[in-house]
Amino acid sequence: MTDNHIALSKLSAAGPHRRHWEPDTEARASMAARLDLVDLRKLRADIMLAPLAGRDWRLEVTWGATVVQPCVVTLAPVVTRLEEVSSLTYTTRMPDVTDAEAEMPEDDSLEPLPDTIDLCATVGEMIALSLPDYPRAPEAMMDTAVFGPPGEAPMTDEDAKPFAGLASLKEKLEKDGS
């Protein structure tokens, strides 16, 4: 068993197993590259593996990470602190979803039972699911771009609203009708 791996076959089924895990700089850099991050500054995880019926295991991870992503507007680095509790159930009884019309199981925390848990891959997936979709630097501003054909007034978002001109049309109709 290496520092970043847990061999399930070497664990006793007598009770839960706890472990604190902080990957080294090299492992964090590798995870950052896989996740398209600028940097993964900090990562720590408290891991609990509890045996279930048969050979199944329940993994619960309380983790925290400081990630750096590029801003979607300026590409400036955006630092985000993430804190989560994530869990997975490793089972030998995975539902069969190979049929094209099969429904996905309701429990999305089910995973096939591996021989070894790769903590970098597992916690990396947990981080990926928690990353901000559109990180934005505080000073990043999106100006409104207005385009139109040469010689014509460009159309704005206000102009495109379907009911924007109804009030003036109603007034005109009322004047014409009197």
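Helices (H or I, at least four residues) and strands (E, at least two) are DSSP runs, numbered from the N terminus. This is a predicted model, so to speak: local features need pLDDT of at least 70, side-chain atom pairs count only at pLDDT 80 or more, and totals for chains, interfaces and linings use all residues. Residues are numbered from 1 along each chain as its sequence is written, and side-chain values use heavy atoms, with hydrogens and water left out.

**View 1. Confidence across the protein.** The protein has a mean pLDDT of 86, and 85% of its residues reach 70 or more. Strand β4 (residues 57–70) has the highest confidence, at 97, while helix α3 (residues 157–160) has the lowest, at a mean of 68.

**View 2. Helix α1 and its two sides.** Four residues of helix α1 (residues 25–34) are buried: A27, R28, M31 and A32. They line one face of the helix, because they fall within an arc of 135° seen down the axis of α1 (the arc is that of the directions from the helix axis to the C-beta atoms). Here buried means under 20% relative accessible area, exposed means over 50%, and partly exposed is in between (1.4 Å probe, protein chains only). An α-helix has 3.6 residues a turn, so residues three or four places apart point the same way. On the face turned away from the buried side of α1 sit the exposed residues T25, E26 and A33. The cover over the buried residues of α1 includes β2 (17–21), β3 (39–51) and α2 (119–130). After α1 comes D36, with a positive phi near 55°.

**View 3. L59 in strand β4.** L59 belongs to strand β4 and is buried, with a relative accessible area of 0%. Leaving out residues up to four places away in sequence, L59 touches I47, M48, L49, S86, S87, L88, Y90, T122 and M126; a contact means heavy atoms within 4.5 Å. H17 is 42 residues from L59 in sequence, yet their C-alpha atoms are 9.6 Å apart in space.

View 4. Side chains of opposite charge can pair when their charged atoms come close. A salt bridge is counted when a side-chain nitrogen of Lys or Arg is within 4 Å of a carboxyl oxygen of Asp or Glu, and by this rule there are 5. One of them joins R44 and E83, at 2.6 Å from N to O. That pair ties together parts that are 39 residues apart in sequence, because R44 lies in strand β3 and E83 in strand β5 (residues 77–91). E83 also has a salt bridge with R81, where the closest N and O atoms are 2.9 Å apart. Together, R44, R81 and E83 are linked in a network of salt bridges. R44 is partly exposed at 24% relative accessibility, and so is E83, at 45%.

View 5. F163, L166, L169 and L173 make up a nonpolar patch on the surface, with about 430 Å² of accessible area together. L166 is in helix α4 (residues 166–177) and is partly exposed, with a relative accessible area of 42%. Patches take residues with over 30% relative accessible area and no salt bridge, joining like charges within 9 Å and nonpolar side chains (Val, Leu, Ile, Met, Phe, Trp, Tyr) within 5 Å. Accessible areas come from the Shrake-Rupley method with a 1.4 Å probe, and for residues only the protein chains shown count as cover.

Methods. pLDDT = per-residue confidence, 0-100.
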